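I opened my notebook today to look a few things up, one entry at a time. Here is what I wrote down.

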Amino acid sequence: MSSQINPPYGVLAELTHRCPLACLYCSNPVALKGAETELTTDQWKTVLRTARELGAIQLHLSGGEPLLRSDLEELAAHASALGFYINLITSGIGLSAERSNAIARSGINNVQLSLQSHLDDTALAVCGRRSVEAKLNAARHLQQAGVPLSWNIVLHKLNIAQITEMVTLCAEFQPHKIELAHVQFHGLALANREHLKIEPSMVQEAETQVNSLRRIYGDSLSLVYIKPDWHESFPKPCNGGWANLQLTVAPDGTVLPCAGAYGITTMKFENIRNQPLRWIWFESPAFNAFRGTNWMGEPCRSCDKREIDFGGCRCQAFALTGEAARTDPACTLSSDRGLIDNLLATALITGSNGKNGNRD
């Protein structure tokens, strides 16, 4: 079977689930891995070396908040020596000028900062902290250290009207990319969906704002806009297909086909403490469960998009239907599409006068 499977292109290394923020839309599992379960420095180095030997060339260092690992720069330097292109994904909270210089020396190629809002009140509602100035300070330190910078902004009901202001703020730091992605309803985001859901008209307005900003900035800034699949006719590709391009390693060493797979509680995902990474990628039942198209039932099996969207997101299918093998309900051909339509109808009823995003 392994001869039919491509090696992984990328690795998402979740170094820790510890984080100074508590974002309503966090993609990490509801039951976070404790610090006592985290892989050691040497164990992470083994993961990185093995992944590189498998053929992976891109590494994303993430969390939680990876800055909370004191060995972050050591791991980055090790990965750089192995030949990885390294992207650090961070909130930027607590990032000092000294540490920014250390990050620059470690071989990290890009730092992706997150922004919840340009307004502290909105940031407080979204992530439980007035965090704007801390993020701007982080951007200043990274810019002064000469580290290439990009931004990620997750869009939802609480900040979708602020796109122009958020992009304008981020653009001051001359990033090479700003990614605006609508929230995906997995994990905490699904549990908090009443705080986050948007109306179809808001999606149209968001796209109008992005197109206007693209005209303003032209080729000087890459603005990536990812539409919400709940408002589309067909689902997004499942990261190029299940276990096709990238693997995720959780803080405790559990290896997943994608970061959202935590929620599929009916599947067993192996741990690098017990099984070699090569075997997990090529041979493990979980990684092979939804590879390719042979696993598909109808309407996916006979659909001409089956090798484009691969049936959509397995994590979303499980979250909404309880069965990971079902067609993603985001697809209008799915018999479960009504689940999403009903959720969207609720958003239309509550609209902008619904809950304000503060925790109950």
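**Entry 1: two strands side by side**

How many bridges join strand β2 to strand β3? I looked it up in this predicted model and found 4 bridges between β2 (residues 58-62) and β3 (residues 85-90), with the two strands running parallel. I noted two of the pairs: Gln58 has Tyr85 as its bridge partner in β3, and Leu61 stands opposite Leu88. Then I checked β1, which pairs with β2 in the parallel sense over 5 bridges. Glu14 is bridged there to Ser62 in β2. A reminder to myself: strands of a sheet pair through backbone hydrogen bonds, either parallel or antiparallel.

**Entry 2: the whole sheet**

Next I wanted the order of the strands. The sheet is open, has 9 strands and reads β7-β6-β5-β4-β3-β2-β1-β8-β9, with mixed pairing. Its edge strands are β7 (222-226) and β9 (255-256), each of which pairs on one side only. I also looked for what covers β2. Helix α1 (residues 41-54) lies across β1 (10-14), β2 and β8 (246-249), and it runs at about 170° to β1.

Why is β2 largely enclosed by the rest of the structure? I counted its buried residues: 4 of the 5 are buried, so the strand is largely enclosed. I then followed Leu61. Setting aside residues up to four places away in sequence, Leu61 touches Ala13, Leu15, Pro66, Leu72, Ala76, Ile86, Asn87, Leu88 and Ile89. The largest nonpolar core has 108 residues, and Leu61 is among those with the most contacts inside it, along with Leu59, Trp151, Ile163, Ile178 and Leu180.

**Entry 3: cysteines**

How many disulfides does the structure hold? I found 0. A disulfide needs two cysteine sulfur atoms within 2.5 Å, so I checked two cysteines against that cut-off. The sulfur of Cys315 has its closest cysteine sulfur in Cys258, 3.5 Å away, which is too far for a bond. For Cys300, the closest is in Cys331 at 6.5 Å, again too far for a bond. Both cysteines I started from are buried: Cys300 has a relative accessible area of 9%, and Cys315 has 5%.

Is Lys197 buried or exposed? I found Lys197 in the loop between α8 (193-196) and α9 (200-217), and at 4% relative accessibility it counts as buried. Its side chain makes a polar contact of 3.1 Å with the side chain of Glu194.

Asp336 sits in another loop, between α13 (314-321) and α14 (337-350). Asp336 counts as buried too, at 14% relative accessibility. Leaving out residues up to four places away in sequence, Asp336 touches Thr321, Arg326, Thr327 and Pro329.

My last stop was Glu207, in helix α9. Glu207 is partly exposed, with a relative accessible area of 29%. Beyond its neighbours within four places in sequence, Glu207 is in contact with Tyr225 and Lys227. I also compared Glu207 with Leu72: they are 135 residues apart in sequence and 37 Å apart in space, C-alpha to C-alpha.

Notes. Residues are numbered from 1 along each chain as its sequence is written. This is a predicted model: local features need pLDDT of at least 70, side-chain atom pairs count only at pLDDT 80 or more; totals for chains, interfaces and linings use all residues. Side-chain values use heavy atoms; hydrogens and water are left out. Buried means under 20% relative accessible area, exposed over 50%, partly exposed in between (1.4 Å probe, protein chains only). Two strands pair if DSSP finds at least two bridges between them. Contact means heavy atoms within 4.5 Å. Axes are lines fitted to C-alpha atoms, for helices over the stretch in contact, and angles run from 0 to 180 degrees between N-to-C directions. A nonpolar core is a set of buried Ala, Val, Leu, Ile, Met, Phe, Trp, Tyr and Cys residues joined through side-chain atoms within 4.5 Å. A polar contact is a pair of N or O atoms within 3.5 Å; within protein, one must be able to donate a hydrogen and the other to accept it, and residues adjacent in sequence count only if both atoms are side-chain atoms.
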